[in-house]
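Trainee: I have a new structure open and would like to go through it with you. Could you take my questions as they come?

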Amino acid sequence: MTFLFAIVVFVIALRLALPVLAAVIGILGVLLRGIVEDGDIPAAGEKKESIMLTREEDIRDAAVKRAAEEVMLAVRTSPKTRGIDNMSIFVVDGPEKEKLAAKMEEVDKLSGGKRPTFTRDAGGVRLASAVLLIGMKAPAYGLNCGFCGFPTCEGKNAQPKVPCAFGVIDLGIGSGVAAAILSDKHIDNRMMFSIGYAGLELGWFPEGVKAALGFPLSVSGKNPLFDRK
């Protein structure tokens, strides 16, 4: 009797549960159909198309570095006095960029605060993705022009720390080429002598380079290099 009673109870419970199970299955079916129609789950026989996104902030620093490399080539081919190439050109980023900014602040500190622009410009270096530096060696070009303050090139060469005026002119031409191309590529930049000075102090330039300039390179919603105080 107990066994028969258990069977009867089971049948009754099953009949009561079947409508509930059917309702649950129906709701799940509707939900799954909606997901498939929205494209979240591919329908039978279909392949889900993957979407690859390249976000600007993910490639920004690498893109700036590639642009800087192209600029270095353009600076190398810029016009030079008598076709003599005395230029040194390179780009720094990462830890070297921080070393550069720290040296700029050190120059100001050692001057007793008389070079505050070095500390100010160090902030621009830290905000940049990379920094371009251009330097020029000092030897005279043999033109005896007197532009450097000495009547002859021989007199100038007796003062090796004094750069040739034409070398400085070539540095300016190359820097102008760099600024123009960076502008064409929509990379914010600003020419800074403080960067070149710090690069010389760090010994990054080859022997004989006596004059240098630098460009912090930045890409952001607003150019941070012209917020001067």
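Trainee: What share of the contacts with a separation of 6 or more comes from residues 24 or more positions apart?
Mentor: Residues 24 or more positions apart account for 70% of the contacts in the protein with a separation of 6 or more, where contact means heavy atoms within 4.5 Å. Please keep in mind that this is a predicted model, in which local features need pLDDT of at least 70 and side-chain atom pairs count only at pLDDT 80 or more, whereas totals for chains, interfaces and linings use all residues. Residues are numbered from 1 along each chain as its sequence is written, and side-chain values use heavy atoms, with hydrogens and water left out.

Trainee: Where is the confidence lowest, and where is it highest?
Mentor: It is lowest in helix α1 (residues 2–38), with a mean of 60, and highest in helix α7 (residues 193–201), at 98; pLDDT is the predictor's confidence in each residue, from 0 to 100. The mean pLDDT of the protein is 87, and 79% of its residues reach 70 or more.

Trainee: How many helices and strands are there?
Mentor: The protein has seven helices and four strands, and from the N terminus on the elements run α-α-β-α-α-β-α-α-β-α-β. Helices (H or I, at least four residues) and strands (E, at least two) are DSSP runs, numbered from the N terminus.

Trainee: And how much of it is buried?
Mentor: Of the 229 residues, 32% count as buried, and here buried means under 20% relative accessible area, exposed over 50% and partly exposed in between, with a 1.4 Å probe and protein chains only.

Trainee: Which residues have the most contacts inside the largest nonpolar core?
Mentor: They are V75, I89, L132, I134, A178, F215 and L217, in a core of 24 residues; a nonpolar core is a set of buried Ala, Val, Leu, Ile, Met, Phe, Trp, Tyr and Cys residues joined through side-chain atoms within 4.5 Å. At least two residues of this core come from each of α2 (56–76), β1 (87–92), β2 (130–137), α6 (165–184) and β4 (209–218), and α2 gives the largest share, six residues. A second, separate core of 17 residues includes F90, V92, V131 and M192.

Trainee: What does L217 touch?
Mentor: Not counting residues up to four places away in sequence, L217 touches V64, A68, A128, S129, A130, L132, L182, I187, D188 and N189.

Trainee: Switching to α7, at what angle does α3 pack against it?
Mentor: Helix α3 (residues 94–110) and α7 pack at about 95°, with their axes 9 Å apart, which makes α3 roughly perpendicular to α7. Axes are lines fitted to C-alpha atoms, for helices over the stretch in contact, and angles run from 0 to 180 degrees between N-to-C directions; under 35 degrees counts as roughly parallel, over 145 as roughly antiparallel, 65 to 115 as roughly perpendicular and the rest as oblique.

Trainee: And α4 with α7, at what angle do their axes cross?
Mentor: The axes of α4 and α7 cross at roughly 90° and come within 9 Å, so α4 is roughly perpendicular to α7. The contact is made by F118, D121 and V125 of α4 and F193, S194, I195 and Y197 of α7.

Trainee: Which residues of α7 are buried?
Mentor: S194, I195, G196, A198 and G199 are buried in α7, and what covers the buried residues of this helix includes α3, α4, β2 and β4.

Trainee: One last thing: which loop holds R82?
Mentor: R82 is in the loop between α2 and β1, and it has a positive phi of about 55° although it is not a glycine. R82 counts as exposed because its relative accessibility is 56%.
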